[in-house]
Amino acid sequence: MRSIKTKLFSLGLAASMLLALAGCNLSTPASVGSIGGVDIPAGIYLLAQYNAYNTASGLADLATGETASDVKTVLKAECTGTIGDEEVTATGEEYVRQLTMRALEYYAAVEKQFAELGATLEDAATAEAADSAASLWASNGDLYAANGIGQASLEAFLLNAQKAEAIERLLYGPDGQQPVTDDEYTAYINDSCYYIESIELPLVDYTTYAMADDDQRAEIQALADDCAAELNETATGETAGSTAVYAAAQTYVPQAMELIGATMEDAAQALYYAGAQLFTPDTLASYGGEGYNDLTDPLDAAGMNRWTTIDLGTSLLVARRVDPLKSDTPAELAERYDLLTAMKAEELQNQFYADGAALEHALDDAALNTYSAGKIKKTV
């Protein structure tokens, strides 16, 4: 599941990838010093600082009429948020400084360990970073330039994320120094994941974005109940993917859509509303309630292999939980859903932050002052 990987390794860095390398408006100094012997180019510093500002501006206690574009106001305002595991209350300027330093420490720790491992990136990884940087630059180039930032810095940060992923594989992959075992994957799948087979009955007409009214919702709920009852008779196997599920989707999805005024040109389109997927804690967390209980509590109440209905707000889910290990090996599931990253990314990320903070900091105060947060521009 590429989205999980991208999401977990971009934590703390994703917003940083909004800008690119220094060199457009600010010509000197080219570097702000080093951390752990890793050079920190001015563009990397500006990139981290701009990201930190965006975070701080969302936390700033601003008066009516003041906005995130009021840079000097944000830097003077009080900001309260979490940096690492610590709740921090500080001026916007100090908050930006701390977040910037944390991002640079992470960057340096990744670069240092990647070099120490003698690692290299595959061509596909470098091409992906270059393509993504070019795309983001094309859409925001004027803002990058206004902040003295160029495209190469964005690419460097994206490559840093690719290096973090490579380190993960070198440490914990099948041929790594401390490979995750089948037993560990099995325990993770059983204890932390849900393999869910489902049919989704929409409550929104996405051509008009009209929500089902109370009467329509009640009728669709009745359809969902009938669907669950039918599947508890016809789709009782211990593995997902029976023809009965697809047949039920073709029966009930068009009826639900008709009730909300939507149309389906081809009944085969109903198959897109049926599926089966392994949900890791990260993907489960995208559902509401306390953590992800809106989704998991009804499944737990129904028990393994029993179909039930779940109200997700914009749709009614007819679903059941099955054991994926009945049909796939731990290794097969690990590869298909990138369980290595799901299990290890946060742990490794925290280690990068800790290692980076412990490295020797040899930063140039004069250079940092040259690129102070007060010079950030939010409009062009």
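This is a predicted model: local features need pLDDT of at least 70, side-chain atom pairs count only at pLDDT 80 or more; totals for chains, interfaces and linings use all residues.
Residues are numbered from 1 along each chain as its sequence is written, and side-chain values use heavy atoms, without hydrogens and water.

**Exercise 1.** Classify the angle between α2 and α6.

*Solution.* Helices here are DSSP runs (H or I, at least four residues), numbered from the N terminus. Axes are lines fitted to C-alpha atoms over the stretch in contact, with angles from 0 to 180 degrees between N-to-C directions. The axes of α2 (residues 42-59) and α6 (residues 151-172) cross at roughly 75 degrees and come within 9 Å. Therefore α2 and α6 are roughly perpendicular.

**Exercise 2.** State which residues of α2 and α6 meet.

*Solution.* Contact means heavy atoms within 4.5 Å. From α2 come G43, I44, L47 and A48; from α6 come S153, L154, A156 and F157.

**Exercise 3.** Describe the largest nonpolar core.

*Solution.* Such a core is a set of buried Ala, Val, Leu, Ile, Met, Phe, Trp, Tyr and Cys residues joined through side-chain atoms within 4.5 Å; buried means under 20% relative accessible area (1.4 Å probe, protein chains only). The largest core has 29 residues, of which I167, L278, L339 and F352 touch the most other members. Helix α13 (339-358) is one of the helices supplying at least two residues, and α13 gives the most, with 6. Leaving aside neighbours within four places in sequence, I167 contacts V110, Q113, F114, L117, L348 and F352.

How values were computed
Angles under 35 degrees count as roughly parallel, over 145 as roughly antiparallel, 65 to 115 as roughly perpendicular and the rest as oblique. Buried means under 20% relative accessible area, exposed over 50%, partly exposed in between (1.4 Å probe, protein chains only).
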